[in-house]
Amino acid sequence: MNPIRREFHDLLSRTTDNNVRIAVTGLSRAGKTAFISSLVNQLLSVSTHENLPLLSASRERRLVGAKRVPQKNMMVPSFPYDEAMSNLSQIPPQWPEPTRDVSETRIILKYRTNKKSRRLFGENSTISLDIVDYPGEWLLDLPLLQMSFAQWSEHQFLALEGQRKEYAQEWLKELNTIDLSASLDEKAIANVAYSYTQFLHRCKANGLHWIQPGRFVLPGELEGAPVLQFFPCKMKDKRDLKGTNYETLEARYREYQRRVVKAFYKQHFSTFDRQIVLVDCLQPLNAGYDSFYDMRRALEELLKSFSYGRNNVINRLFSPRIDKIIFAATKADHITPEQHENLVSLLQQMVHPCWQTAAFDGIEMNCMALASIQATEFGYIQQNGELHPALQGLTLEGNKVTLFPGEVPSKLPEKSFWLDQGFNFQQFKPLSHRADNPLVHTRVDKALEYLIGDKLK
Ligand SMILES: Nc1nc2c(ncn2[C@@H]2O[C@H](COP(=O)(O)OP(=O)(O)O)[C@@H](O)[C@H]2O)c(=O)[nH]1
Ligand SMILES: [Mg+2]
């Protein structure tokens, strides 16, 4: 498009362009709450601080100010920003409480455009940002839409290997106690379903991330509802199912597909314009081989929600709008800065292969590393006459420690890696900050530039 036509085109799209829905996701504890709290906090500080140099509108001093306004969607809980900030402002600061459901918040940004045609319409332009937080686990359910109950069950039994198999023993025993062809016994179903859910929780607690159905471990408002009470099982003779336990399990599975999985994609996912996927690569490096490769598998599954090739299940449900997606390795302040490059390279290796093999029509993708809320300070320590990079922070127990947490592998590590080299990525309390100063971050502005930079031109 030539420049005049482009300006004209921009002018026409002005009314549609002034709202952007940014979705923030990631598996639980990836750092979504911390990221959104920091993002909102950084934007609210932008008129008084130079805290976002990598966001071009801010660097060019075109970002005039930001304010929080009531969200449009009244059916979704509000993101608990004030609660998060009150935790972070305690002495010593505390991390925000975990949230386990979808939530959103709205911010209006006032900025000066650098386009001539728009400037004619007045000094300042405004844009509203809806920031939506939802659990990445919910995306792991997409494949369920293409599987019957019997196929899904089969798939689940095939996945019982290694650690997973070990954790499954108890619910498998429980599964043997129920007669699937007997007439409906809700109590018996509830018992086996409970034991199955416990198994999924146990996988999660031990660092396994590929969990289906995703809502079982993050039920939100569906906690205790019958739609979350089913489990994989095998039934050979399906001739006369009427009134049996199996019939109910199958019906609940179908209800789950329709009312939980499809509903999420239609009501929420279909409305997103931009997406950031947060990934904590350090936790599985700490936890070991199984956990690391399980996280990679979960990411691979999660990516399927962004592959909108023709005939794809998502395309049949709605026309997706996301045109930019960013993968961000979080908690980069857990490692020394010279390791950040390796962290990005590791993340790229987790994401790129599946990106290349799928059809991501028209979506731009990027990988980066960031720290939403810094918990450590970086410096050097002297050892045998040499300077070494090191981090200093307060452990969750409140002890001040100085350490070098280890090297991050730049490639997907082999099994031997965990035997040869120990990792020590500690948890720290967030750094104290003065109430009138923004939270200390690393590259939240880079993420913002990628997510909305073009909308602030
Ligand atoms: N050091 C550090 N830790 C973080 C950061 N973001 C999150 N964390 C840690 O990760 C935990 C989980 O983060 P949270 O945002 O609640 O994850 P969510 O489940 O994805 O919402 C927090 O309680 C912190 O301990 C960060 O930027 N730096
Ligand atoms: Mg959260």
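Trainee: How many residues surround ligand 1, and which are the closest?

Mentor: This is a predicted model: local features need pLDDT of at least 70, side-chain atom pairs count only at pLDDT 80 or more, and totals for chains, interfaces and linings use all residues. Residues are numbered from 1 along each chain as written, chains are lettered from A and ligands numbered from 1 in written order, and side-chain values use heavy atoms, without hydrogens or water. A residue counts as near if one of its heavy atoms lies within 4 Å of the molecule. The shell holds 17 residues, and the closest are Arg29, Lys32, Thr33, Ala34 and Asp333.

Trainee: How does that shell divide by residue type?

Mentor: Ala, Val, Leu, Ile, Met, Phe, Trp, Tyr, Cys and Pro count as nonpolar, Asp, Glu, Lys and Arg as charged, and the others, Gly among them, as polar. The shell around ligand 1 splits into seven nonpolar, six polar and four charged.

Trainee: Which residue has a side-chain N or O atom 2.8 Å from a nitrogen atom of ligand 1?

Mentor: Take polar contacts as pairs of N or O atoms within 3.5 Å. The side-chain contact to the ligand nitrogen at 2.8 Å comes from Asp333.

Trainee: How much of ligand 1 does the protein bury?

Mentor: Accessible areas use the Shrake-Rupley method with a 1.4 Å probe. Alone, ligand 1 exposes 580 Å². The protein buries 96% of that.

Trainee: What geometry does the Trp171 and Tyr196 ring pair have?

Mentor: Rings of Phe, Tyr and Trp (its six-membered ring) pair with centres within 6.5 Å; planes under 30 degrees apart are stacked, over 60 edge-to-face, the rest tilted. Trp171 is in helix H8 and Tyr196 in helix H9, 25 residues apart; helices are DSSP runs (H or I, at least four residues). Their centres are 4.9 Å apart and their planes at 70 degrees, so the pair is edge-to-face.

How values were computed. Polar contact = N/O pair within 3.5 Å; in protein donor to acceptor, adjacent residues only side chain to side chain. Helix = DSSP H or I, 4+ residues; strand = E, 2+ residues; numbered from the N terminus.
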